[in-house]
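Please open the structure in your viewer and keep the selection tool at hand.

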Amino acid sequence: MTTLRDDLLDVHPSRQRISLALAVGATVPALAVRMFDPTLPHAVAALVFGLAIVGSAFILSWAAEAAQLDISAGLAIAVLALIAVLPEYAVDFVFAWQGGNSFEQYGASCPPIGGGTESPCSLALANMTGANRLLIGVGWTMVVFIAWYRIRRRSGRGAARAWEGVKLDREHSIELAYLAIATVYSLTLPLKHSITPFDAFVLITIFALYTIRVSRAPAEEPHLVGPARYLGTFSRRARRTAIVVMFAFAAGVILVCAEAFAHALVETGAELGISEFFLVQWLAPLASEAPELLVAGLYAWRLNTNAGLGTLVSSKVNQWTLLVGTLPIVFSIAAGGLHGLPIEAVQREELFLTAAQSFFAVAILANLSMSLREAWFLFGLFWAQFVLGALVPESLHGIERIAVGVVYLVLGLWILLGDRSRIPRLFRDGLRAPFAELKTEPVGDRD
């Protein structure tokens, strides 16, 4: 097993400084555009501001990882996952705020703004559902695929065939238990006409209880990767100063660029005849979550799959509770009253599909493992909706989302009914078991 001492000895300062410089450099064009306000084509502006958000997301991710040296292990995982998705929150909040302003001015119709054809209310939910489905369909499965490939290269095809898949330590029952609770509640959202302040209260409460639970985890040596490992070589004062500066700089860039990026995406779609719904749902989350996926991929490459998949599971908890819960709050503030974020017909289907995918994913991981076959099921069903959408006639669009969602639910129920002990064990470990007990049966395939 790799120790912190090993991590800090295996550092290449010049390489890590270059990575830090590239991340900062990615933000410079956007800051220059905001400062001098030149006229740029919307597609170029989307690229410039998108790169700035990607660079800032990398900086946030490295700072959050290094912060694990100064806070408890469980809280560090939660903070790391939360910080890593801050760019996602920023972009989504822009659309939720615009939707609230539109609602206040025009009422429940919440019409499109600028040159777009989609309402900002719809785009806020599109961004959120796309981010959540990418995290599971691409992120979780990527960890399994990379680990399988590494084992096959290292030990041969025989070892790869005998490999039982990624295994998580028992402590990750905490994330999965709270994710299961949030997922069951989220299955009620497609039945409503809006995500209400009450829904926000429930989801944020789940997140708060989850954070309290993980904050009590005992301290342990973190496994640092890349520039975070380089930051770990600093003295305590220098490290903490660097982390604060990195947080402040990246957050400032995101604050300055999020609205411009969202606006440029919508206008680009309108100009090029590309659905802004598609761009906001898939391109924006892919840009903001790229660092998190890269970090998880690096963990998997080192066969530290417990850290790689565990971080992504924690991020899913954050997105499926805090992100979904805060959207109606932002919307209500902008709308000037306790109004719920409207759910249109297409978004009702998107919410159903996203909640169903989460249900299936929790069912798979309820035994704290994911096999290669299960990863292929998750990955294949993620892409199946796109394939079916291309094949189904336009008059029947939406049926593919419902169909794939039903498949997710049926498969999830089949898994849980086949092993009825999974859920009681998961909830006991996740909600009540002492951390000392969770440490007694370590599993995983780390170095």
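A salt bridge is a side-chain nitrogen of Lys or Arg within 4 Å of a carboxyl oxygen of Asp or Glu. Please bear in mind throughout that the model is predicted.

**First stop: Arg422 and Asp419.** Select Arg422 together with Asp419. These two residues form a salt bridge, and their closest N and O atoms are 3.2 Å apart. Arg422 has a relative accessible area of 8% and is therefore buried, since buried means under 20%. Asp419, at 25%, is partly exposed. Salt bridges with shared partners also join Arg133, Glu349, Glu350, Glu400 and Arg401 into one network. By the rule stated above, the count comes to eleven salt bridges.

**Second stop: Arg170 and Asp429.** Now select Arg170 and Asp429. They form a salt bridge in which the closest N and O atoms are 2.8 Å apart. Arg170 lies in the loop between strand S1 (166-167) and helix H8 (173-186), whereas Asp429 lies in helix H17 (residues 422-432), so the pair ties together parts that are 259 residues apart in sequence. Both Arg170 and Asp429 are buried.

Is Leu368 buried or exposed? Its relative accessible area is 11%, and Leu368 is therefore buried. Which residues is Leu368 in contact with, once its neighbours within four places in sequence are left aside? They are Val166, Lys167, Leu168, Asp169, Arg170, His172, Ser173 and Leu176. Next, select Leu426 as well: the C-alpha atoms of Leu368 and Leu426 are separated by 8.7 Å, and the two residues are 58 residues apart along the chain.

Select Asp199 and Lys192, which form a salt bridge with the closest N and O atoms 2.5 Å apart. Asp199 is buried, with a relative accessible area of 0%. Lys192, in turn, counts as partly exposed because its relative accessibility is 26%.

Select Val24, Val28 and Phe249. Together they form a nonpolar patch on the surface, with about 220 Å² of accessible area. Val28 belongs to helix H2 (residues 13-36). With a relative accessibility of 46%, Val28 counts as partly exposed.

Terms used. Residues numbered from 1 in each chain as written. Predicted model: local features only at pLDDT ≥ 70, side-chain atom pairs only at ≥ 80, totals over all residues. Heavy atoms only, no water. Buried < 20%, exposed > 50% of the residue type's maximum accessible area, 1.4 Å probe, protein only. Contact = heavy atoms within 4.5 Å. Helix = DSSP H or I, 4+ residues; strand = E, 2+ residues; numbered from the N terminus. Patch = residues over 30% accessible without salt bridge, like charges linked within 9 Å, V, L, I, M, F, W, Y side chains within 5 Å. Areas by Shrake-Rupley, 256 points an atom, 1.4 Å probe, with all protein chains shown as cover.
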